[in-house]
Amino acid sequence: MKLLESGNGIDTEYGKIYVNKEVPFEEVFNGITFPGYYCEPNSVAAVEISYSDLTELVELPCEDIAIKKALCRLGADSIKDCKILVDSTLDISDEWAEKISEVEKTKDLFGLNRLLKTEGIRLKQEQPVSIFNKEVTRQLRENDFAVSKGDDSLNVRTTDSYSVKILENGSMRVPEDCPSDSYSQIKKVMKETYDFCSAYAKAAPLKADGLSEKYRCLAEFNSTVLAAKYNEEYGFEFVTWDRTFDGRGVTQGNYYSDYSAAKENFAIRSGLIDKDKLFSTEELEQLGKCVNFTARHNGDLNFDDCENLKRLGEKISESLPVQQQSDAPELSM
């Protein structure tokens, strides 16, 4: 604000330009090389070809003449004289990822281009539905529910022996006479699991230098990243990172197995919400106990007060992690 109020800007035909010397600038367009913007629907890999401080961008597969024109604009006699950086634009199999990354060493860009035009790329065989089925089964069994596979659904047994069906689209089929409190915990586990499985399925690979494992970027705001990776044996891992000063890498990771905790950390860390306006799990538990004590022992409460406290107690209980919900006090009035 002080910079704008100073009036010490550079006059242009469009107005004044103010330069904040405290903010480092990085040149992304020098009049020759446009910043990366990939829009070819059949693109499998994006290639940066660098030579003598200049960079050209090519999407593969393409016509060989596109690579030759890029070399001509760079002033390079051969692709062997250039630095090659390849980035896959699809979530491909590990086998194909190795083939593509190997070109950075061999610089056989024309060979890779021919290969991509003649062979079908094998995508990862992970399907969002199969991941959801596996993960919701894992989550429910960890919460002591019996889960079995039906023809078109997962069958989950409630504590009072009702059979609830979970469909592949994240919806539930509940017997008409099943009490709502019998399946509420199943519903909560299912909804959260479906949320992060769907977010993971739609997310693009996280682009960051130095990562030894493959993560997907679920969200990014104010140089803070929320990412996830999936392992069939161990399930999901969520992590929040800060971007490095140049935006190319990530640092200071906080790791979570709980999606809600990871989202909360991301929201606070990125500045989306003020952490002082949130209650911790321990604080929520204490508030629940206070509400329960007041409802049971304050004889001056009228009917509306009791109903409001009951709803407040339910809201607090629903905000607690699943593990703590079974220990939350129940209000009876």
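**Note on the aromatic residues of a predicted model**

1. Phe196, Tyr200, Tyr230, Phe236, Phe238 and Tyr259 form one aromatic cluster; rings of Phe, Tyr and Trp (its six-membered ring) pair if their centres lie within 6.5 Å, and planes under 30 degrees apart count as stacked, over 60 as edge-to-face and the rest as tilted. This is a predicted model, in which local features need pLDDT of at least 70 and side-chain atom pairs pLDDT 80 or more, while totals for chains, interfaces and linings use all residues. Residues are numbered from 1 along each chain as its sequence is written, and side-chain values use heavy atoms, without hydrogens and water.

2. The count comes to eleven aromatic pairs. One of them, Phe236 with Phe238, is stacked, at 5.7 Å centre to centre and 5° between the planes. Both Phe236 and Phe238 are buried (under 20% relative accessible area; exposed is over 50%, partly exposed in between; 1.4 Å probe, protein chains only).

3. Trp241 and Tyr255 pair edge-to-face, with 6.1 Å centre to centre and 90° between the planes. Trp241 lies in strand β13 (residues 235–243) and Tyr255 in strand β14 (residues 250–256), 14 residues apart; strands are DSSP runs of E, at least two residues, and helices runs of H or I, at least four, numbered from the N terminus. Trp241 is buried at 4% relative accessible area, whereas Tyr255 is partly exposed at 48%.

4. The charged end of Arg216 sits over the ring of Tyr200, 4.1 Å from its centre (criterion: NZ of Lys or CZ of Arg within 6 Å of the ring centre and within 35 degrees of the ring normal).

5. Overall, the protein chain has ten helices and 14 strands, and 33% of its 333 residues are buried.
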